[in-house]
Amino acid sequence: MMPSAGGTRVRADSRLECRICWYVYDPAEGDAVEQVPPGTPFAALPDWWRCPQCDAGKDMFLPLDADNGGGSHE
Ligand SMILES: [Zn+2]
C-alpha cells in the first residue's frame with residue numbers, strides 16, 4: 001500500500017532543509033537520533049518526526065533540490 005502524498009512533491013531521494021536551524025535531512029543517511037534507517041525518504045518519515053536539532057515539525061522543512069532536477073527519473 002502506498003500512502004497518498006498530501007500535496008508536497010518530494011522525490012524519494014530529495015534532501016530537505018530545516019528552515020529554522022538549517023539541519024539537512026538526507027534520505028541516504030536517515031536520522032540516527034530518531035532511529036530512522038538509511039534509505040528512508042522524507043515522505044516516509046512518521047508524523048511525529050521532528051528536526052533532531054531544533055524540534056521543528058516536518059512542515060518546516062523545504063526541499064533543497066526542488067526545481068533543480070534534470071533527469072527524468074520517474
Ligand atoms: Zn531544525
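Begin by selecting Trp22, which in this predicted model sits in the loop that runs between strand 1 (16–18) and strand 2 (24–25). Is Trp22 buried or exposed? It counts as exposed, because 10 C-beta neighbours lie inside 10 Å of Trp22, and a residue is placed in that class when the number is 12 or fewer.

Next, colour the whole protein chain by secondary structure. Three strands and zero helices are present, so that the order of elements, read from the N terminus, is β-β-β. These three strands form an open sheet in the order 2-1-3, with antiparallel pairing. Strand 2 and strand 3 (61–63) are the edge strands, each of them pairing on one side only.

Zoom in on the pairing of strand 1 with strand 2, which is antiparallel and extends over two bridges.

Now move to Cys18, which is found in strand 1. Cys18 is buried, because 21 other C-beta atoms lie within 10 Å, and the class requires 20 or more. Leaving out residues up to four places away in sequence, Cys18 touches Tyr23, Cys51, Gln53, Cys54, Ala56, Met60 and Phe61.

Cys18 and Cys51 are 33 residues apart in sequence, whereas their C-alpha atoms are 7.2 Å apart in space. When neighbours within four places in sequence are set aside, the contacts of Cys51 are with Cys18, Cys21, Tyr23, Ala56 and Met60.

Which residues make up the largest nonpolar core? Show the side chains of Leu16, Cys18, Tyr25, Phe42, Cys51 and Phe61, the six residues of this core. In soluble globular proteins, nonpolar side chains tend to be buried together.

Finally, return to a view of the entire protein chain. Of its 74 residues, 9% count as buried, and Cys18 is one that does. Among the contacts between residues at least 6 apart in sequence, 52% join residues that are at least 24 apart.

Note on methods
Residues numbered from 1 in each chain as written. Predicted model: local features only at pLDDT ≥ 70, side-chain atom pairs only at ≥ 80, totals over all residues. Helix = DSSP H or I, 4+ residues; strand = E, 2+ residues; numbered from the N terminus. Pairing = 2+ DSSP bridges. Core = buried A, V, L, I, M, F, W, Y, C linked by C-beta atoms within 7 Å. Contact = placed C-beta atoms within 7 Å.
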